[in-house]
Amino acid sequence: MWQVYLKELLELSRDRKTLMFVILLPVLIFPVIFGVLGLVAANVTASAQAEEHKYVIINADKAPAFAEQLFYHKNFKQVSTELTEPEALRQAIRAGQFDLVVIIPADFAAGSTELVQSQWTVIYNTAPVLDLIGNYLKDVVKDYSRQLQLARLEAVGVTGKQVDAVLEPVQINKISSAENRENLGEKLGGWIAYLLVPLCFMGCSYPAIDIGAGEKERGTLETLLICPISRSSLVLGKFLTVLTTGLATALITVLSFGGWGYLIGSLAGVDVVAKAMSALGFTDLMLILAMLIPLTMIFASALLSLSIYARSFKEAQNYIGPMSILVFVPLALALLPGVELNWKTALIPMTNISLCIKELVKGTIDMGILTLVIASTVVLAGVLIAFCVSWFQREKVLFR
Amino acid sequence: MIEIRQLAKAFALEKGQKLSEAELQDVRYTGRSFCSVRDVSFNCENGQVIGLLGPNGAGKTTTLRMLSTALKPDAGAILMDGKDVLRDPLLARRRIGFLSSSTGLYGRLTAFENVAYFARLHGMTEVALRQRIDELFTLLDMHSFANRRAELMSSGMKQKTAIARAVVHSPALVVLDEPTTGLDIMTTQTVLDFIRALKVAGTPVIFSTHHLDEVSSLCDRVVVINQGISAFNGSLAAFRQLSADGDLRQAFMSVIKQESV
């Protein structure tokens, strides 16, 4: 078995595709892709925030303080128009003449002490996800409303601290019982699994195809089968190779992201990575590894079984391609709001690992459930390895 | 001595598998299975070379795969020096060397690494395998490309490496499945010289082929397999006598026609 393992590792270490998947992708390509995406996103947001939006204000003289605030806002630029009808103004916005229209009613009186609510109309494109115009306008309206509130309250004799007592009779001071780590874990924990688990799968998939279906295609399988070594030893040697590459991919990726994060963090003066890493103890990291090992065993045995069944490299790729999409389903389930780690979810493969990693990062793991998760994953891995070994004994699989 | 008695092997057909016109007329297709080998018997003495002849799909490869223990027969027996191969396939595998024209090498391993890997799988020690590989590489003139990766070798170099790999453990029997099919003249000659050398060394060889000139120049005995049955099993001289003018092609055709009647 070890002879097979060492030979397969030697051969894979000389294969450019494997090296690309196991080393180059996590060390260089992934960080570059994520880095470029981050830069693009940051640039797009920055340029959107710096953008100037043209606006038209109807009956500005009725609310001069508001008109002034809008005029001096850095993201707004006033333009004039002859149009007054809402529909015509809407069409003008669609035609790109300006971006925003604020219609102040002709009967609005800013200085009036009469307690009547005024209905204003604003017209702009509300479709963009990042509702920048809406947010800017909301801030200006909030400030202006506060001015009116103070003036009206003063007119009825409410001043000083009484103003707050009227406007906000109850104020809530929120004290979180959660530790900082718990918040970080809730936000990041699920995504760590979302990154690690597919990486383990990806690290297994190419080597599994190469040493299963690839062996058939190259015509070396038959020679191997008539060597004086049991078929169980043969398949276990191959299985260990796939397991090694799967775990190596995940570990290299984590180290690479940690390294890049540290580098960027220290260059940019941000210690997010250091904080994130200090939240996780050595024991937690070992427990994450303890869960990833049986999970990668599941992947390795399932992928190797499929690969051995396939007649050719291409056929194996056809089987494994859709399977890689299926891996994301239980992981996405773990990210859904309300899905928590309990005695039931602890038995759902992959979802349980994802939830467990989240709890570990949060520091709120229940050791009983963790044991169940590891045990159930080990049992499933054992079943699949046994299946893979028995699968490799079948003539109709080997000589299809 | 190798003795093969009444071997039989059937393969289950896949559900919904459609059969061609030729397959429908083949008596070996019965319901949901295909009886590739129905009754094959022959024997091979030490130092003998046996040529296994037969039309495509006759059951030659299945027979050789059973002989090399890659496939398990449904019925029959294979005895090597009186020992039952089927009961102890691992013991048999230590004593058999196997080669075919489609046998591949590990492209990313060198000639030495390819041969050494199989030597290790056969349980050879590092000292023994290095000595044996050196001996084989000298015999086959392979030292010049010992450290070249298989994917960068010419077909002749590949075939020599495959030969060295097949006999690195000094097998007591060498099984060759159409070893010259698809090879160029030079590479074919390498294989034929290899069989000749084995014969001189007294190692029995069983090989399947479609090339009657190879049978004529190398074989002591001939076995013709037709529709999964050993239709002829005898000496080369007896096989020649099946034709009036000693022509092997005519002899072969007479066996096939006799069986088909």
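**Briefing: the contact between chains A and B, and two features within chain A**

B:R108 and A:D15 are joined by a salt bridge in which the closest N and O atoms lie 3.6 Å apart. This is a predicted model, and the count between chain B and chain A is four salt bridges.

**Extent of the interface**

- The contact draws on 29 residues from chain B and 27 residues from chain A.
- The size of an interface is often expressed as the accessible area that is lost when the parts come together.
- Between chain B and chain A the buried area is about 2700 Å², and carbon and sulfur atoms account for 56% of it.
- Of the area that chain B buries against chain A, 27% is supplied by B:Y106, B:R108 and B:L121, which is more than any other three residues supply.

**Polar pairs and the chain B side**

- Nine residue pairs, with both residues at pLDDT 80 or more, are in polar contact between chain B and chain A.
- On the side of chain B that touches chain A, α3 (89–95) and α4 (111–121) of chain B each supply at least two residues.
- The largest share of that side comes from α4(B), which gives five residues.
- By residue type, the side of chain B that touches chain A divides into ten nonpolar, eight polar and eleven charged residues.

**A helix pair in chain A**

- Helix α13 (residues 313–326) of chain A and helix α14 (residues 328–335) of chain A have axes that come within 5 Å and cross at roughly 5 degrees.
- Because angles under 35 degrees count as roughly parallel, α13(A) and α14(A) are roughly parallel to each other.
- In this contact A:S324, A:I325 and A:L326 of α13(A) meet A:F328, A:V329 and A:P330 of α14(A).
- The residues of the contact of α13(A) with α14(A) divide into five nonpolar, one polar and no charged.

**Salt bridges across the model**

- Side chains of opposite charge can pair when their charged atoms come close.
- Over all chains, the count comes to 20 salt bridges.
- Within chain A, the side chains of A:R146 and A:D164 meet in a salt bridge, at 3.4 Å from N to O.
- This pair links distant parts of the chain, since A:R146 lies in helix α5 (residues 132–155) of chain A and A:D164 in helix α6 (residues 161–167) of chain A, 18 residues apart.

Methods: Residues numbered from 1 in each chain as written. Chains lettered and ligands numbered in written order. Predicted model: local features only at pLDDT ≥ 70, side-chain atom pairs only at ≥ 80, totals over all residues. Heavy atoms only, no water. Contact = heavy atoms within 4.5 Å. Buried area = accessible area lost by both parts, 1.4 Å probe. Polar contact = N/O pair within 3.5 Å; in protein donor to acceptor, adjacent residues only side chain to side chain. Helix = DSSP H or I, 4+ residues; strand = E, 2+ residues; numbered from the N terminus. Nonpolar A, V, L, I, M, F, W, Y, C, P; charged D, E, K, R; others polar. Axes fitted to C-alpha atoms, helices over the stretch in contact; angles between N-to-C directions. Parallel < 35°, antiparallel > 145°, perpendicular 65-115°, else oblique.
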